[in-house]
Amino acid sequence: MSDQLLVSTRKGLFTVVRKSKRWDITKADFLGDNVTLTLTDPRDGRHYAALDHGHFGVKVHRSTAKGWEEIAVPVYPPKPEGLEENDMWGRPLAWTTARIWALAAGGADEPGVLWCGTLPGGLFRSTDHGQSWNIVRSLWDHPKRKQWMGGGADLPGIHSIIVDQRSSKRVWIAVSTGGIWLTEDSGASWVQRGEGMRADHVPPELTNDPIAQDVHCLVQCPSSPNRMWVQHHNGIFVSSDEGRTFTEIKDVDPSVFGFPVVVHPREPDTAWFAPEIKDEKRIPVGGRLVVTRTRDGAKTFETLTKGLPQSHAYDVVYRHAFAIDETGDRLAFGSTTGGLWVSEDQGDSWSGVSHTLPPVYAVRFG
Amino acid sequence: MPKVVFTPNLQRHVECPETTAAGGTVGEVLANVFASNPQARSYVLDDQGALRRHMSIFVDGQLIHDRARLSDAVGETSSVYVFQALSGG
């Protein structure tokens, strides 16, 4: 049972702690700075925070007994002289970290290993708790990587990284846009996964191509790894064969569009979503903030509203801003309009922690 | 030796006091500054060693031309100002 949340926002990192059945903000770090993501390493309890200082670039900090320390940031290798590689807009592609969009701890058998996904599409691996990083060349040099495109940003980016609980050599990543990729040898080689997903923002000949898919978020049930859930630009997809093939889930009230998805750690058929009107608007349907939950593998969905604003709510929940704890009972999410809600009963009811935070980019237990 | 001044806004993240450093180009001068203050480098230059997109450098009041290789000439008595390109509004 986790009693602590780390909430990354446009103007700082907020620690939220449960005490006497109340969740309160107890600490603000990096106040005024853009904190985009955190990772709590379950193997040693260390926290990592990604910051974006705009003019001054992206940085990574790590918690110590004395507070935060700045550590190495993933750096792209020198772009070869004369190499002409343009982005989808025809501009020269800058081989430089534009954003840290995913952080994940390696397996229990490889202490110190961290994975980091970035814009413009580089995946990095550290073997020393983030003291240094190496780009995964096999993926960066993969000819198909150049077919990745921007989704919500101008540049493609890796936003989801999943390390297989059974074998830490197996790692899935998801790209917006570029679909789902799997390595089974710690990153030495990669294969595309994700047949069955459908993209309707590309021409018909690309609609079903796994590389054209705008996956917003990919999760895997830790205790039943064959089950994967995707919140996609086009809707909700579910897999029962660890991402080889997906089935589209349609007609979920009030919408199948959204950014995050979380799955119960031991119940593969139970997952939660934060629905919105599709991409042309990106606001809750009817101004009512709701969470949808399925307990039967997407055969049916419930719309959860208790404790959430049901009038003139325009909260958007970003892909990293929805979290579940290791018990599967506690959930939390934050919004672009500074709302933060926690549930202790799997989403049946929610309590608001704050409605006045800066825009929330990420929420994590631990 | 050329004088080097960094934007006050950078001081909040990493200490960059006014200093002097040898060099005949912007790149050479900055390399010498960062040799003794390595943490500051990534705040000013990107992964490829080019000037970050929203940073600017002035040599004796003139905006530099070569943002990628930093080859603009610096004189023995020049002032090099490393600033933000946009006020931020």
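Two residues are in contact if their C-beta atoms, placed from the backbone, lie within 7 Å. Among contacts in chain A between residues at least 6 apart in sequence, 49% link residues at least 24 apart.

The model is predicted: local features need pLDDT of at least 70, side-chain atom pairs count only at pLDDT 80 or more, and totals for chains, interfaces and linings use all residues. Residues are numbered from 1 along each chain as its sequence is written, while chains are lettered from A and ligands numbered from 1 in the order in which they are written.

Chain A has one helix and 28 strands; these are DSSP runs numbered from the N terminus, helices being H or I of at least four residues and strands E of at least two. Of its 366 residues, 47% are buried, that is, 20 or more other C-beta atoms lie within 10 Å of the residue's own C-beta atom, placed from the backbone.

Gly243(A) lies in a loop of chain A between the two strands below.

| Strand | Residues |
|---|---|
| S18 of chain A | 235–239 |
| S19 of chain A | 247–249 |

Gly243(A) counts as buried because it has 28 C-beta neighbours inside 10 Å.

Methods:
Buried ≥ 20, exposed ≤ 12 C-beta atoms within 10 Å, placed from the backbone.
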